Structure formats: C-alpha cells, structure tokens
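Welcome to a short tour. Open the model in your viewer and keep the selection panel handy.

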Amino acid sequence: MSEDVKKADTVKESAGASSVQEQLATSQMLMQQQMAQAQMLQQQTQQQMLLQMQKKSMAIALVLAFFFGPLGLFYSTVRGGVIMLVIGIVVAIVTMGFGALLMWIPCMIWAYIAVDKHNKQLMATGVPPVE
C-alpha cells in the first residue's frame with residue numbers, strides 16, 4: 001500500500017509541476033502582450049507629439065498678418081507671402097502708398113485659410129503639406 005501512496009504522491013507532484021509551468025508560460029505571454037501594447041502606445045504618443053509640434057498656430061498667423069501684412073503671411077504660407085508682397089509693392093507704387101494698407105485684410109484672410117488648410121492636412125495624413 002505504501003507503493004500506491006508513493007505513486008499517488010508522484011502523480012500529484014508532476015501534475016502540480018506542470019500546472020506551475022503552464023502558469024509561468026501564461027504569465028510570460030501576458031507580459032509580452034503588455035510590453036507590445038506599451039510600445040505601440042509609446043509610438044502613437046510620439047507620433048501625436050510630432051504632429052502637434054508641426055501644427056501652425058492660428059493666433060500667431062493672424063497677429064503676424066495683422067502687424068506685418070504680407071511679411072507676416074510668410075509664417076502661414078511662403079507662396080502666399082511672396083504673391084501678396086509683390087502685389088503690395090505694385091499697389092503701393094500705383095497708389096503712392098495708400099493702397100498698401102488695403103493689403104492687410106486679404107493677408108489676414110489668406111493667413112487664416114493657409115494655416116487651417118495646413119493643420120487639417122497634417123491631421124488627416126500625418127505629413128505636413130509641401131509649399
């Protein structure tokens with residue numbers, strides 16, 4: 001009878017050892033999954049931070065366009081700044097400087113539209129638009 005008891009104890013010990021091994025394997029898999037999720041979350045956070053850093057400020061664009069006209073427009077869009085600067089110079093020459101003040105309102109409108117377009121495209125594609 002003592003042999004039967006020894007066999008039963010051996011079976012119990014081997015069953016307990018395999019149960020511990022299964023628990024270890026399960027916990028290792030869970031840790032690997034958690035690590036992968038943490039890495040994905042970190043990558044997403046870094047991408048979001050990069051996008052936020054590349055966004056243009058609407059307030060800054062409008063203030064620059066208000067105070068500097070076509071020169072302030074260069075923050076929003078280089079192409080728009082060049083176009084409005086050339087038009088402003090021509091208008092200023094033709095009207096002896098008085099017409100140049102009329103350029104400020106279109107510059108502010110263009111700044112608003114350019115920054116809005118830039119930020120929307122950046123958020124949609126994750127890539128800043130090329131000017």
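A contact here means heavy atoms within 4.5 Å. With that in mind, select C107: leaving out residues up to four places away in sequence, C107 touches A65, G69, P70, L73 and M84.

A word on the ground rules. This is a predicted model, in which local features need pLDDT of at least 70 and side-chain atom pairs count only at pLDDT 80 or more, while totals for chains, interfaces and linings use all residues. Residues are numbered from 1 along each chain as its sequence is written, and side-chain values use heavy atoms, without hydrogens and water.

Next, colour by secondary structure. You will find 4 helices and 0 strands (DSSP runs, H or I of at least four residues for helices and E of at least two for strands, numbered from the N terminus).

Now select A61, A65, L73, M84, M103, C107, A111 and V115, the largest nonpolar core (buried Ala, Val, Leu, Ile, Met, Phe, Trp, Tyr and Cys residues joined through side-chain atoms within 4.5 Å). Both α2 (58-68) and α4 (104-125) supply at least two residues each, and α4 gives the most, with 3.

Stay on α4 and show C107, A111, A114, V115, H118, N119 and L122, which are buried (under 20% relative accessible area; exposed is over 50%, partly exposed in between, with a 1.4 Å probe and protein chains only). Look down the axis: these buried residues fall within an arc of 125 degrees, so they line one face of the helix (the arc uses directions from the helix axis to the C-beta atoms). On the other side, I105, I113, K117, K120, A124 and T125 are exposed.

Last stop: G126 follows α4 and has a positive phi, near 80 degrees.
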